[in-house]
Amino acid sequence: MNALKPGELSEPVRSPFGFHLIQALERRTTDMSAERQRLQARQQLRERKSEEAYQEWLRQLRDRTYVELRLEER
């Protein structure tokens, strides 16, 4: 796919899903790496905050849990 020129059509390509034709419509001319890095950083922060919130919720849930063991004598 990367070797195709804009507008060029590839030979049939086989994948586990069947045969495919790939056509390169155009190429990006702007560098997306800075934007991509920012999006990845945001995603990592979201995941970290989500995990921290989950762990805090679990801790609070465990703190509120009360278990009383009673042994009956017969």
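Reply: A salt bridge is a side-chain nitrogen of Lys or Arg within 4 Å of a carboxyl oxygen of Asp or Glu. The model is predicted, so local features need pLDDT of at least 70 and side-chain atom pairs count only at pLDDT 80 or more, while totals for chains, interfaces and linings use all residues. Residues are numbered from 1 along each chain as its sequence is written, and side-chain values use heavy atoms, with hydrogens and water left out.

By this rule there are 3 salt bridges. Asp 63 pairs with Arg 59, their closest N and O atoms being 2.7 Å apart. Arg 59 also pairs with Glu 56, where the closest N and O atoms are 2.5 Å apart. Glu 56, Arg 59 and Asp 63 are therefore linked in a network of salt bridges.

Helices are DSSP runs of H or I with at least four residues, and strands are runs of E with at least two, numbered from the N terminus. Asp 63 and Arg 59 are 4 residues apart in helix 1, about one helical turn. Arg 59 and Glu 56 lie 3 residues apart in helix 1, also about one turn.

Buried means under 20% relative accessible area, exposed over 50%, and partly exposed in between (1.4 Å probe, protein chains only). Asp 63 counts as exposed because its relative accessibility is 53%. Arg 59, at 39%, is partly exposed, and so is Glu 56, at 32%.

Another salt bridge joins Arg 70 and Glu 68, with the closest N and O atoms 2.6 Å apart. Arg 70 is exposed at 68%, whereas Glu 68 is partly exposed at 43%.
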